[in-house]
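Please look over the model below.

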Amino acid sequence: MSKERTTVEQRWVLALTSIGSVMVALDVLVVAAALTTIRQDLGATMEQLEWTVNAYSLSFAMLLMTAAALGDRLGRRSTFAAGLALFTLASVGCALATSVPLLIAARALQGAGAAVVMPLAMGLLGAAFPPERRGWAIGIFSGITGLAVLGGPMIGGAVTEGLAWQWIFWINVPVGLLAIPLVLRRIPESRGAARRLDPRGATLITLAVLGLVWGVVRGAAAGWSSLEVVGSFVVGALLLCGFLAWEKRAEQPMVPLSFFRNRAFSAGNAAGFFLSAALFSAVFFVAQFMQAVLASGPLKAGLQLLPWTATLFVVAPIAGRLVDRIGERPLVVTGLLLNAIGMAWIGLVADPGVHYGALVAPMVVAGCGVSMAMPAAQSAGTGSLPRESVGIASGIYGMMRQLGGAVGVAILAAVFATNGGYGSAALFSAGFTRAMVVCGVLSLAGAAAGAGIARRRTEPPFVPAPAVVDSLVQEVG
């Protein structure tokens, strides 16, 4: 096969995994534009509204690694299809919910489906594309995924204004019903290294993530020094230590700790954590700034983010090609530095009298930066290990991204609440300005982590010598 062409089978894999990724990514933030309508329709309290967002992210982060391990063992294609089915069913539950508790439960189920879809999508891509084309494929995949994340508020606003809030969930149903049979027919089955399941490891990491994320999302409401939050962090940390101790001595561990001796893998995951912390928190607050300070409606606010989203769609595929040529480190470091500049720039100009035009240039700078860093960090985090390990590597990277998003939103929310509020445009602007500065700091931390990615070797990744492959298979198997 030519290095510059893709087969029909590969195009189907790229298209169908991207469709699954879009469904999952949209539902990260699509609900944000509909929260006011949901509150009025279902009589929700502020804390209940918060959990309509947090329940999704919490179950998503909790189950990613377990889902990746199951996919490697049971088959990535069939597990990916099952994840799409669960996500589609949960979307029906969200649309039919007549009370906030039912909506929160359905959102948690959606997150479980998303936890299956995302790592298996990356695993299927890694199995379908050879090393010299994998960066390009990840660039396309990441650009579409990033566009879906940033387009969530715009689509949610348009659907809520034009139809009803329930339709932000109904739109998943026909897409899922069409995609599932195509996945089973068009994508070849693939598996990771043959390993026994590790139920003890899966239980420990799931409960550890639950404890840590619970502490993050409850910190602002319950108080960072409260028994609930401190206890959650302590229990989560102890369970994480227990997980590491178990994995170190388990005969067939769920996550071989030797992975983390790979410099690119560890640094790529750290960079991905801070990238998502900056990206998710920025989208959350910039969309609100458009409404609170510029007096835009939900749909108009989403449209005003287009300079940001358009750069992601255009630049990420180009960055994916550059990954194959120059390696991940220059793109991660440069991209996150640009994002830090863009966020700080927005913070400097975001006063109550600002005109929208003053925000366009910094949004373009930040968008280009994220577009450069996203595929490169993902390639380092999942592409630095042998092909048979890409599934579990994707699960680890995906969990780090979800944790980063939850942590970023929590940190910026705490900064915003300390320095501003929703009482007026001036009050909102005061909190927003400081939050954007902190967002820039998170990006700088990601750039520092990206500097630890090893230089790209002259030989392509994922294709070590046969003896090395055999030893790695034995080690992880």
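Predicted model: local features only at pLDDT ≥ 70, side-chain atom pairs only at ≥ 80, totals over all residues.

Residues are numbered from 1 along each chain as its sequence is written, and side-chain values use heavy atoms, with hydrogens and water left out.

**Aromatic pairs**

The structure holds eight aromatic pairs. Rings of Phe, Tyr and Trp (its six-membered ring) pair if their centres lie within 6.5 Å; planes under 30 degrees apart count as stacked, over 60 as edge-to-face and the rest as tilted. Two of these pairs are tabulated here.

| Pair | Centre to centre | Angle between planes | Class |
|---|---|---|---|
| Tyr 56 and Phe 60 | 5.9 Å | 85 degrees | edge-to-face |
| Phe 285 and Phe 416 | 5.4 Å | 40 degrees | tilted |

Tyr 56 and Phe 60 are edge-to-face because their planes stand at 85 degrees. Both lie in helix 3 (residues 46-74), four residues apart, about one turn of the helix. Helices here are DSSP runs (H or I, at least four residues), numbered from the N terminus. Tyr 56 and Phe 60 are both buried, that is, under 20% relative accessible area; exposed means over 50%, and partly exposed lies in between (1.4 Å probe, protein chains only).

Phe 285 and Phe 416 link distant parts of the chain. Phe 285 is in helix 11 (residues 263-292) and Phe 416 in helix 16 (residues 390-419), 131 residues apart. Both are buried.

**A charge over a ring**

Where does the charged end of Arg 200 sit? It sits over the ring of Trp 246, 4.4 Å from its centre. The criterion is NZ of Lys or CZ of Arg within 6 Å of the ring centre and within 35 degrees of the ring normal.

**Single residues**

Arg 107 is placed in helix 5. Its relative accessibility is 0%, so Arg 107 counts as buried. Leaving aside neighbours within four places in sequence, Arg 107 contacts (heavy atoms within 4.5 Å) residues including Asp 27, Tyr 56, Ser 59, Cys 94 and Phe 169.

Phe 129 is in the loop between helix 5 (100-128) and helix 6 (131-162). At 0% relative accessibility, Phe 129 is buried. Its C-alpha atom is 6.9 Å from that of Gln 10, 119 residues apart along the chain.

Is Ala 295 buried or exposed? At 64% relative accessibility, Ala 295 counts as exposed. This residue is in the loop between helix 11 and helix 12 (298-304). Phi of Ala 295 is near 60 degrees, a positive value in a residue other than glycine.

Conventions: Helix = DSSP H or I, 4+ residues; strand = E, 2+ residues; numbered from the N terminus.
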